[in-house]
Amino acid sequence: MNESNIRANGWALLPILVFLILFLGTGIILNDFYTMPAVVGFLIALIAAFLQTKGKTFNEKLSIAAKGIGDDNIVTMCLIFLSAGAFSGAVSAAGGVDSTVNLGLSLLPPGVAVIGLFIIGCFVSLSMGTSMGTIAALAPIAVGISEKTGFELAVCIGAVVGGAMFGDNLSMISDTTIAAVRTQGCDMKDKFKRNFFIVLPAAIATVIILFILTSGKQFTLDQNLDYNIFQVIPYILVLVTALIGINVFVVLISGTVLSVIVGLLTGSLPPSEIFTSIGSGVTGMYDITVISMLVAAISALVRENGGFAFILEKIHNRVHTYRGAEFGITALISLVDAATANNTVAIVIAGPIAKEISDDYHIETSRSASLLDMFASVFQGIIPYGAQLLSAATLTGLTPFDIMPYLFYPYLMAVCGIVSILLPRRRKTR
């Protein structure tokens with residue numbers, strides 16, 4: 001529905017406010033931002049949206065919500081989430097994660113241990129599509145390197161978190177990438193190419209900073225670094241085929257099948273565990289799939305009641321240029337991620353509004369998708385109550401505040417993103 005046909009109404013945003021109060025309130029009161037499951041908060045917000053929608057029967061409200069859930073982009077996004085989960089479960093069970101990490105460490109020159117942690121983190125997260133899985137895999141290794149080199153543990157784990165956020169932002173199978181490209185309506189390869197060249201300077205600068213901080217130190221890693229190069233191939237297949245532009249479903253299904261074949265041939269995946277490993281990966285995506293559906297239903301009702309029109313009206317009153325619209329999208333996703341502490345959920349919430357802004361100011365869809373994913377990853381990687389820093393702190397015995405001064409990559413990614421907005425460039429016609 002066209003926002004211009006709907007009367008702006010700030011009160012229509014109440015369901016989103018209900019979720020934020022519930023989510024942030026329980027987190028602050030109980031000192032744990034994961035006490036309130038996001039899916040429960042959004043379910044309550046959906047009830048609030050139903051109650052707030054006046055002048056329509058219950059069945060009419062249900063029809064509006066159902067049409068929001070049934071949007072092509074939402075359905076496709078949910079199916080991609082499940083397909084990505086299947087690939088993740090299969091390749092992990094086939095030994096792909098351990099082999100990828102050990103291969104990187106085996107190739108690691110002794111004099112660049114911490115730089116190696118960052119680079120390996122980039123590759124692993126780019127391959128796995130999950131920052132949390134990357135942190136879980138590399139945090140114990142960061143502890144060992146810290147003990148052997150004498151470097152501060154916070155520096156080592158900061159490098160791991162930075163590498164994890166690199167792939168979380170760019171990976172073809174990351175839920176944030178999937179959400180960004182589907183809400184904006186662009187191709188993954190186009191978003192990747194645009195996004196990659198913006199953040200590449202941040203990655204290079206991070207390597208230089210880590211080199212300056214850690215030059216001259218040596219280490220020897222005593223643990224077993226066995227790997228099988230065949231177990232890494234499914235990751236490479238997914239990366240290459242996705243970049244070529246092959247349909248994402250074909251990419252993920254091919255990666256899943258190849259992972260099963262590799263697991264069987266190498267003996268790492270017993271035949272009896274094929275379907276349970278795939279099922280486990282799919283199950284792990286249930287939460288974000290259900291949340292996406294609930295957010296789509298809430299957004300449809302909020303839109304119907306004039307909430308999106310209200311936001312767009314306020315943005316139009318303050319923004320009058322292409323560059324200002326890009327800053328508007330950046331501010332929007334940053335605030336939503338800081339409030340929700342979940343970059344995928346933040347993109348699903350902010351995505352439809354960002355799409356309206358990009359349409360109004362003729363911002364390319366790959367550009368708006370890049371801004372959404374970049375700045376959601378920036379804030380997700382630096383907020384002390386986010387899952388990434390909480391996990392890193394738990395695995396290393398540090399606090400999130402110990403790690404924050406050494407999160408060079410997320411900070412530099414923000415700088416590169418802002419510079420990309422400020423720099424003059426030739427705009428393409430949409």
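This note goes through the nonpolar cores, the cavity and some salt bridges of a predicted model.

1. The largest nonpolar core has 126 residues, and those with the most contacts inside it are F42, L117, L210, I333, I357 and Y409. Helix α8, which covers residues 153-170, supplies the largest share of this core, namely eleven residues. As a general remark, nonpolar side chains in soluble globular proteins tend to be buried together.

2. For one of the residues with the most contacts inside that core, I357, the partners can be listed: apart from its neighbours within four places in sequence, I357 is in contact with L312, I315, A325 and I329. There is also a second, separate core of seven residues, with A90, V260, L269 and I278 among them.

3. The structure holds one cavity of 30 Å³ or more, and about 80 Å³ of space lies in the largest cavity. Its lining consists of I16, F19, F42, A45, V295, I298, S299, F308, I349 and I353, and F42 is also among the residues with the most contacts inside the largest core.

4. The elements that give two or more residues to the lining of the largest cavity are α1 (14-30), α2 (38-52), α14 (286-304) and α17 (343-360). Of these, α14 gives the most, with three residues. By class, the lining has nine nonpolar residues and one polar residue, while no charged residue takes part.

5. A search of the whole structure finds seven salt bridges. One of them joins the side chains of K191 and D373, at 2.7 Å from N to O. Because K191 lies in helix α10 (residues 188-214) and D373 in helix α18 (residues 365-382), this pair ties together parts that are 182 residues apart in sequence. K191 counts as buried at 1% relative accessibility, and D373 likewise counts as buried at 0%.

6. Another salt bridge is formed by the side chains of E364 and R194, at 2.9 Å from N to O. Here E364 lies in the loop between α17 and α18 and R194 in helix α10, so the pair ties together parts that are 170 residues apart in sequence. E364 is buried, with a relative accessible area of 16%.

How values were computed. Residues numbered from 1 in each chain as written. Predicted model: local features only at pLDDT ≥ 70, side-chain atom pairs only at ≥ 80, totals over all residues. Heavy atoms only, no water. Core = buried A, V, L, I, M, F, W, Y, C linked by side-chain atoms within 4.5 Å. Buried < 20%, exposed > 50% of the residue type's maximum accessible area, 1.4 Å probe, protein only. Helix = DSSP H or I, 4+ residues; strand = E, 2+ residues; numbered from the N terminus. Contact = heavy atoms within 4.5 Å. 1 Å grid on protein atoms, 1.4 Å probe; cavity = no way out; pocket = protein on both sides within 12 Å on 5 of 7 lines; lining within 4 Å. Points joined across faces, edges and corners; volume = space filled by probe spheres on them. Nonpolar A, V, L, I, M, F, W, Y, C, P; charged D, E, K, R; others polar. Salt bridge = Lys/Arg side-chain N within 4 Å of Asp/Glu carboxyl O.
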